[in-house]
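Please look over the chain shown below. This report takes it one part at a time, from a single helix to a sheet.

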Amino acid sequence: MTVSRFHGSSALAWAVGTGLSLLAATAAAATAAAADFDPRRHDATRALVGELAEKGIERDWLERVMGEAAFQQGVLDAMAGAAERRLRWDEYRRIFLQPERIHRGVTFIEAHRDAFRRAEAEYGVPPEVIAAIIGVETSYGRFTGRHRVLDSLATLAFHHPTRGDFFRGELGAFLEITHEQGVEPGELQGSYAGAMGYPQFIPTSYRAYAVDFDDDGIRDLWTNPVDAIGSVGNYFAEHGWRAGEPLYHEAEGPAPPPADIDFNRAARPPAVPAAALADAGLEVPEGLAEEHRLLPVSLEDGEQNWRYVLGEHNFYVITRYNHSHLYAMAVIELAEAIADARALDAHWLEAVSRVAEEAP
Ligand SMILES: [Ca+2]
């Protein structure tokens with residue numbers, strides 16, 4: 001574990017200020033990674049502990065856990081960097097649409113066939129879409145994050161310049177879930193923003209949408225792929241997924257994108273009528289009513305090479321997972337590639353067995 005200078009100096013100041021013996025100070029430094037958010041000295045943490053204690057979580061447990069949280073400057077730096085990062089579609093796509101990630105998607109579905117089948121029956125979400133989410137998030141559980149979630153959320157809750165309230169809510173939910181599941185908070189790792197496990201649920205999503213899909217009594221997205229598969233399906237069902245409906249339509253159109261169309265507003269449900277898109281010069285697929293509302297997306301596929309996609313309701317539902325239109329497109333294309341690869345596999349197996357049957 002890295003010990004930041006911030007931690008070192010605050011621990012020292014505390015020991016000197018309270019006049020503790022050297023022995024006690026040394027013991028405290030050894031048992032706790034830091035006392036950056038110790039409720040005995042940190043007012044904001046004490047207030048949060050009070051709120052959670054009123055909900056029925058033992059105060060001793062809360063105080064012990066928060067006493068082990070450490071400030072991490074790297075988390076604040078990572079948050080600032082992410083906001084500035086702007087990739088073009090072809091650059092973004094290249095990260096996720098790789099042969100290995102497609103192949104692993106096929107084998108992930110094969111390995112958990114029963115869970116994917118049940119998730120589709122129960123929530124209406126195709127296996128490839130659930131697999132693509134988990135594939136984009138963590139490469140099917142291989143990379144679930146290297147930040148101590150307790151440190152990340154405490155740092156963001158009490159030091160983020162603008163989103164502290166949001167992360168304070170996440171920290172509270174994190175403590176509730178870990179307490180409820182009997183998991184040691186300090187041992188969990190995740191993204192710098194506190195997203196956890198196979199599907200990278202933030203704690204409030206975990207609390208609201210995680211399901212115990214293998215029925216073992218624990219909602220475990222950290223180590224259990226079956227719970228993760230069911231939980232992604234449930235997340236989409238709860239956000240209005242409509243089984244069997246299309247995700248999007250391709251459309252031809254002028255370059256650059258017409259200025260009078262509000263493209264890439266992925267945080268809102270489909271809002272632009274087909275007629276308005278046609279008026280702006282986009283070729284809307286036949287059969288769509290003029291008043292049918294779509295979510296127009298413009299993708300720069302290489303320098304000044306524009307591709308248009310007209311998102312349907314389920315496209316919008318995918319953006320409930322991550323508000324970026326690029327994210328939704330990457331998930332959709334990975335899902336399509338996995339589906340194509342599975343179809344090829346099935347075709348190949350059929351051909352092989354036919355040859356075997358015909359053999360003399
Ligand atoms: Ca379970």
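Predicted model: local features only at pLDDT ≥ 70, side-chain atom pairs only at ≥ 80, totals over all residues.

**The chain overall**

The chain has 16 helices and 6 strands. It contains 360 residues, and 42% of them are buried. Take the contacts with a separation of 6 or more: 69% of these join residues 24 or more positions apart.

**Helix α11 and its cover**

Helix α11 spans residues 164-181, which is 18 residues. From first C-alpha to last, α11 reaches 25 Å. That is close to the 26 Å expected at 1.5 Å a residue. The buried residues of α11 are F167, R168, E170, L171, G172, A173, F174, L175, I177 and T178. R168 and E170 are on that list together with F167 and L171.

What covers these buried residues? The cover includes four helices:

| Covering helix | Residues |
|---|---|
| α3 | 43-54 |
| α4 | 59-67 |
| α10 | 149-159 |
| α12 | 203-209 |

Is L156 buried or exposed? L156 counts as buried because it has 23 C-beta neighbours inside 10 Å, and the cut-off for burial is 20 or more. Leaving aside neighbours within four places in sequence, L156 is in contact with V75, M79 and F167. F167 is itself one of the buried residues of α11. L156 and G194 are 38 residues apart along the chain, yet their C-alpha atoms are separated by 9.3 Å.

**Helices α9 and α13**

Next comes a helix pair. Two packed helices are described by the angle between their axes and the distance between the axes. Helix α9 (residues 127-138) packs against helix α13 (residues 225-238) at about 110°, with the axes 10 Å apart. The angle therefore makes α9 roughly perpendicular to α13. On the α9 side, the contact is made by I130, I133 and I134. On the α13 side, it is made by A228, I229, V232 and G233. By class, the contact has 6 nonpolar residues, 1 polar residue and no charged residues.

**The sheet**

Finally, the strands. Which order do the 4 strands of the open sheet take? They run β3-β6-β5-β4, with antiparallel pairing. β3 (248-251) and β4 (272-273) stand at the edges, each with a single partner strand, so one side of each is left without a neighbour in the sheet.

Strand β5 (residues 293-300) pairs with strand β6 (residues 306-311) over 6 bridges, in the antiparallel sense. In this pairing P296 stands opposite L310 of β6. E300 stands opposite W306, also in β6. The hairpin of β5 and β6 has 5 residues between the strands. Within that hairpin, G302 takes a positive phi near 90°.

Terms used. Residues numbered from 1 in each chain as written. Pairing = 2+ DSSP bridges. Helix = DSSP H or I, 4+ residues; strand = E, 2+ residues; numbered from the N terminus. Buried ≥ 20, exposed ≤ 12 C-beta atoms within 10 Å, placed from the backbone. Contact = placed C-beta atoms within 7 Å. Expected span 1.5 Å × (residues − 1). Axes fitted to C-alpha atoms, helices over the stretch in contact; angles between N-to-C directions. Parallel < 35°, antiparallel > 145°, perpendicular 65-115°, else oblique. Nonpolar A, V, L, I, M, F, W, Y, C, P; charged D, E, K, R; others polar.
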